[in-house]
Amino acid sequence: MAIEAAGAPLGAYIKAKVLGEAPLPMRRTGLSVEDRQAHARALALLGQTRLASNLNQIAHAVNIGVLPVTPETELELFGALADIREIRRLFMTALGLKPEGRP
């Protein structure tokens with residue numbers, strides 16, 4: 001069935017088969033199946049890191065004063081922020097999207 005669908009969205013493929021319609025045009029993402037699978041795995045791993053939750057907890061701790069922000073802590077936080085921005089830029093580029101211009 002995957003070969004017959006030839007990249008068409010699953011719902012559209014099923015509808016065409018049930019209604020006996022003409023073959024569907026392929027979805028053109030510019031990414032191979034392997035690339036899409038690699039992106040999905042990478043995004044899943046990134047989601048498992050609880051990164052957003054952890055950053056929120058750090059911001060909350062700083063705001064209520066239980067995490068003193070020393071120059072070393074600030075340097076580490078800015079380093080983490082740069083890493084996150086680079087990960088985002090790489091995903092955007094890999095997906096053929098233009099990353100937003102951010103400092």
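At what angle do helix H3 and helix H5 pack, and how far apart are their axes? This tour comes to that pair after a view of the whole chain; the model is a predicted one.

**Whole chain**

Start with everything displayed and coloured by secondary structure. The chain has five helices and zero strands, and its pattern along the sequence reads α-α-α-α-α. Next, show the surface. Of the 103 residues in the chain, 9% are buried. For contacts between residues at least 6 apart in sequence, 28% join residues at least 24 apart.

**H3 and H5**

Select residues 33-48, which form helix H3, and residues 71-94, which form helix H5. Two packed helices are described by the angle between their axes and the distance between the axes. Here the angle is about 160° and the axes are 12 Å apart. H3 is therefore roughly antiparallel to H5, since an angle over 145 degrees counts as roughly antiparallel. The crossing of H3 and H5 is left-handed.

Now show side chains at this contact. On H3, select His39, Ala42, Leu43 and Leu46. On H5, select Ile87, Phe91 and Ala94. Sorted by class, the residues in the contact of H3 with H5 are six nonpolar and one polar, with no charged ones.

Move on to Arg50, in the loop between H3 and H4. Most residues other than glycine have a negative phi.

**Leu51 in H4**

Select Leu51 next, which belongs to helix H4, residues 51-64. Is Leu51 buried, partly exposed or exposed? Its relative accessibility is 31%, so Leu51 counts as partly exposed; the partly exposed class lies between the 20% limit for buried and the 50% limit for exposed.

Which residues does Leu51 touch, leaving aside its neighbours within four places in sequence? Leu51 is in contact with Leu46 and Ile84. Then draw a C-alpha to C-alpha distance from Leu51 to Ile84. The two residues are 33 apart in sequence, and the distance in space is 9.3 Å.

Methods
Residues numbered from 1 in each chain as written. Predicted model: local features only at pLDDT ≥ 70, side-chain atom pairs only at ≥ 80, totals over all residues. Heavy atoms only, no water. Axes fitted to C-alpha atoms, helices over the stretch in contact; angles between N-to-C directions. Helix = DSSP H or I, 4+ residues; strand = E, 2+ residues; numbered from the N terminus. Parallel < 35°, antiparallel > 145°, perpendicular 65-115°, else oblique. Left-handed = near helix turned anticlockwise from the far one by under 90°. Contact = heavy atoms within 4.5 Å. Nonpolar A, V, L, I, M, F, W, Y, C, P; charged D, E, K, R; others polar. Buried < 20%, exposed > 50% of the residue type's maximum accessible area, 1.4 Å probe, protein only.
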